[in-house]
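Here is a walk through one protein chain, from its overall build down to single residues. Keep the structure open as you read.

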Amino acid sequence: MRKGMNPDLYREEWQWQEGDVTVTRSCQWSGPGCHQGCNVLFYTKDDKLVKIEGDPRSPVNEGRLCMRCLAMVEAVNHPDRILHPLRRVGERGENMWEEITMDEAYAIIAEKAREVTEEYGPKSIVTGIGTGRNATWQTSSLAFAGFQTPNDTAGMLSGDCCYTPRLQAMNAIFGSDFIADCAQLSAERFDDPEYRRPDVVLNWACNPVVSNADGFFGHWIVDCMQHGTKLFVVDTRVTWMAAHADIFLQLRPGTDAAVALGICHVMLEEDLYDKEFCDRWVYGMEALAERAAAYTPEVVEKISWVPAEKIVEAARYLGSAGTVALQWGLPLDQTKWAVGASLAVAAVEVLTGSIDVPGGFVNVKYGHVQSDIRENICKGMGKQVREGRLGDGKYALRTVGFGPHSMGDDILLAMETGEPYPIKMGFLCSTNSFINMAGESKRVYEAWQKVPFVVVCDLFMTPTAAGCADIVLPIAMGCERWGIRAWFTPLRAINKILQAGDARGDEQIMLELGQILNPDMFFWDTVPEMNEYVMKNLSSMPFDITWEELQEKTLVYPKFQYRKYETGDMRFDKQPGFNTTTGRIELYCTMYDSAGIDPLPSFKEPTCSPVSAPEEAKEYPFVLTTGRRSWEFFHSEHRQLKSMREFHPWPLCEINTQDAEALGIRDGDWVYLENQWGKIMQKAEVSDAILRGTIMAEHGWWFPERSGKLEDGLYGAFDSNINCLTIQNDMATAGYGSSYKTQICKVYKVEDGTEPKGDMPENIGRNQFEVVNR
Ligand SMILES: Nc1nc2c(c(=O)[nH]1)N[C@H]1C(S)=C(S)[C@@H](COP(=O)(O)OP(=O)(O)OC[C@H]3O[C@@H](n4cnc5c(=O)[nH]c(N)nc54)[C@H](O)[C@@H]3O)O[C@H]1N2
Ligand SMILES: Nc1nc2c(c(=O)[nH]1)N[C@H]1C(S)=C(S)[C@@H](COP(=O)(O)OP(=O)(O)OC[C@H]3O[C@@H](n4cnc5c(=O)[nH]c(N)nc54)[C@H](O)[C@@H]3O)O[C@H]1N2
Ligand code: SF4
Ligand SMILES: [Mo]
C-alpha cells in the first residue's frame, strides 16, 4: 500500500459507492493494449466511465499509472470506436461497411471455416495474435481447439522476434524462465523478511521505465534505486536509465553478443566470476572460455564501437558488484542471431552467480500463466492438429517442438505461393499485422489480399481492418469484460463494469465462437465460470479460489521460494539442480548440440551492416535501429487519442547532432529514411543521446485522422511506417530472431513539399469509416 494513502478515501472493498459515482477496483490490461495490467480504480456514473486512478492499495503499481491509462476515459468514450460487427460493402480498401448482429457475424465465420475445412483442411485457416494483450491465449485456443488449425502466428512477426529468442535461450541454459527480482514477487515487497535488494541491476537492451515489458515494471527498478541499487546499462542511446548508471556501454546496434562475450572474456581471464557457484552449478565453463577467448576488449571495440577500456572496467565492476539482477530487452531478439546473443548476455549474468537468490535473476515457475491457460483449454486436442504446422521441419528449434506459434514467415510464403498448402482464411485478433507486427509491410499487405476471407477483431478501424478484413468484430475495453491477468505475478481479477454496444472481450468471442465450432472443447456457460476452471487447473500453480473470492481480493500472490536448485523444486524429477540434461546451468547447451544448433553464446554480424554489406553501406551509411518505445503509444495503438497525439503528434527518428549538421538537417525537419527495401518520412529529433552513424526510427505509425480508403493511402499506412524498411524471412538456423533492429539506411531532408504541414495533424483525434446502414 502506498505510504501516506488515506484509507477512508481508498476503501478495502472491491466496489463501493461515492454519492452517485460507483468506484470499482480492477486491473486494466487491454484494450487498449499493454503488457502489464495495473490495478486501477474505475469511477463510473450513469453507465459511463468518468475517471480512472491507480489503486494505491495495490503492491503491483502502488497507485502509479502511465499517461496511456490516465487517458482511459478518452479511449473508452471515443466517438469512433467499433461497437457492432461490420461486414464489408464493396471492395476491400473502400472502407465501407454495414453493421450486422453478433449472431450473423458468428454464423458467417463458422460457415466459412466449415467450407475451408471441407475443401482444403483446417490448416488452411490461420489465426494471428498481437503481443501480450488480452487476445494472446484466447485466439490461440480458438485456433487449436475451435478451428483445429496449428497455424497461429504472432501477426506474422518475423522469426517470433519478441521475447521468444530470450525464452529459448533461458530454456537452453536453465531449463526454465528467469526474471530480475526487484521486490515484486511478494505482496510485502521490500518488507518481506527474505528479500534483499539487488546491488546492481544489469539493464541490457531494455528501457523498462517506458516499456514496462513482459510482466516487469521499470518503476520496480526505480524503487530499488531508492533503496541503494546501482545501474549497469547497455544501450545504443542515452536513456533515463543510462543517465543514472554507474556503467553505461553505448554500442553499435546488433553487437550486444560481442560486448557480452568481451565481458565474459575479462571476467574469466581475471577470475572475476563467482567461482564457487560456477564450479558447483555450471556446465561448459571451459567451452565458454574457449569461445570468449577471441573476444578481447580490443576486438570487441572494433566490432561494437565500445572503447576497450570500458569493457575491462565493466567486467571488473560486475566482478565485485555483489548481487546482480539481469533485466534485458527486445533488441536482443531483433537481430538475426538473437538466440546466440541472448545466450551471451545470460552467460554474463551466470558468471556473477546471482541465480535464484534474493535480488538476483530468479526463476518464476508460474511465469507464463497465459500459455498455461491455453494448454489447459487445448488439452483435449488431438495430436493431428499440431502435425504439419508451418515452419516445423525447417528450423532446428521448431523441429524439436519449441514455440507456441507456427512460423509467421512460412505462413507468409504459404499465402504467397499456396505451398505446402494454401491459406484461405485469416482470423486476426489484436494485431495490426502489416503496419506494425510484420516486417516488409507492403509485401505482407499484398499477401493478405490473396486470402479470400479475413476477420479482424479490434477496438478501432485500423489499416489492417480497413485494408484486409471482410468481417470486423467489436472488441471491449478493459473495463467492459471479465478476465484474469497474470504474467509472472500476481494473479489479478478484471471486472466488467460497462457494456458498450456489442463489444466483447476476446475470451467471450472465443467462448461463443468455440461453442459453435467445437462445443465439446468449450463447455463453460459464462466467462467467469471459465476463468474459475482455468485458475483451478493451472499446471504451473493451481489457485484454489473461486471467481468471487478473487474479485473480492483483487489479487493473489503465490508463495515464492529462492534457491530452488538446492531444494529440488526446479527440476521435473524433483532432484536438486536445474531443469537441463546435466542438471546444471548449461553455458554449453547439450540439447542445442544434439539439435545441430551452436551450443554456445555467439556473435555474428547482422545481414545488413557496414561490415557485412560494405558496398550497400556506401549508399546507406547509417546503422538503423527501429522501434524504441514511447510513453504515448503501445505499438500502433493510441494514435486516435487526441491527448496522446498532442504530446507526440508525428513520427520521430533520432539522429546525432553532428550527423544532422553535416546533412543540413535541423531538429523538427521532415526527413526521408530510405534503404534497399523502401522509403518513408519521419521527423528528425536531433540529439546527442544517440551515437554518430546510427539512427533510431519509431515504429507503428499510421494516421487514423486521414482517409482510410486505399486510393487515399489507407490511413497513411506506408507513409511513415518503418517496416517498409525491414524484411521478413531473414532467420538463422534456430528459427528465432529477426533483423528489425539491425538495418542500414540513408537520411535526407524532404524537399519535395509532400511532408505534412503544421505542428499538429488536421482532424487529430478522429478515426472515421463509413457505415452504410447506420
Ligand atoms: N509504451 C510502450 N510500451 C511497450 C511497447 C510499446 O509499443 N509502447 N511495446 C511492448 C513490447 S511488445 C515489447 S517487446 C517491449 C520492448 O521494450 P524494450 O525491451 O524496452 O525494448 P525497446 O524499447 O525496443 O528498446 C530498448 C532499448 O534498447 C535500445 N536499443 C536499440 N537497439 C539496440 C541494440 O542493438 N542493442 C542494445 N543494447 N540496445 C538497443 C533502445 O535505444 C532502447 O532504449 O515493450 C513493451 N512495452
Ligand atoms: N520495426 C519494428 N517493428 C516492430 C517492433 C519494433 O521494435 N520495430 N516491435 C515488434 C514487437 S516486439 C511486437 S510484439 C509487435 C507488436 O505488434 P502488434 O501486437 O500487432 O501491435 P499493434 O500493431 O499495435 O496491433 C494491435 C491491435 O490490437 C488492438 N487491440 C488492443 N487491445 C485489444 C484487445 O484487448 N483485443 C483485441 N482483439 N484487440 C486489441 C489495437 O487497437 C491494435 O489495432 O510489433 C513488432 N514490430
Ligand atoms: S499502460 Fe501503464 S499504467 Fe496502464 S496498465 Fe500498462 S503499465 Fe500500467
Ligand atoms: Mo514485443
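A residue is called buried when its relative accessible area is under 20%, exposed when it is over 50%, and partly exposed in between (1.4 Å probe, protein chains only). Buried residues make up 67% of the 774 residues in the protein chain. This is a predicted model: local features need pLDDT of at least 70, side-chain atom pairs count only at pLDDT 80 or more, and totals for chains, interfaces and linings use all residues. Residues are numbered from 1 along each chain as its sequence is written, chains are lettered from A and ligands numbered from 1 in the order in which they are written, and side-chain values use heavy atoms, with hydrogens and water left out.

Start with the whole chain. The protein chain holds 29 helices and 29 strands. Both are DSSP runs numbered from the N terminus: helices are H or I with at least four residues, strands are E with at least two. The C-alpha atoms fill a box of roughly 75 × 65 × 55 Å along the principal axes. Take contact to mean heavy atoms within 4.5 Å. Among contacts between residues at least 6 apart in sequence, 74% join residues at least 24 apart.

Now go inside. A nonpolar core is a set of buried Ala, Val, Leu, Ile, Met, Phe, Trp, Tyr and Cys residues joined through side-chain atoms within 4.5 Å. The largest one has 186 residues, and Trp204, Phe232 and Ile263 touch the most other members. Leave out residues up to four places away in sequence, and Ile263 touches Trp204, Phe232, Leu249, Ile311, Ala314, Ala315, Leu318 and Val348. A second, separate core has 53 residues, including Ala660, Ile680, Ala684 and Leu714.

Next, one helix. α18 spans residues 408-417 and is mostly covered, with 7 of its 10 residues buried. Those buried are Gly408, Asp409, Asp410, Ile411, Leu412, Ala414 and Met415. Their cover includes β7 (125-129), β8 (152-153) and α20 (441-449). After α18 comes Gly418, with a positive phi near 80°.

Finish on a strand. Thr694 sits in β27 (residues 694-697). Is Thr694 buried or exposed? Thr694 has a relative accessible area of 1%, so this residue is buried. Not counting residues up to four places away in sequence, Thr694 touches Pro253, Trp305, Phe622, Val623, Glu654, Ile655 and Asp659. Cys479 lies 215 residues from Thr694 along the chain, and their C-alpha atoms are separated by 42 Å.
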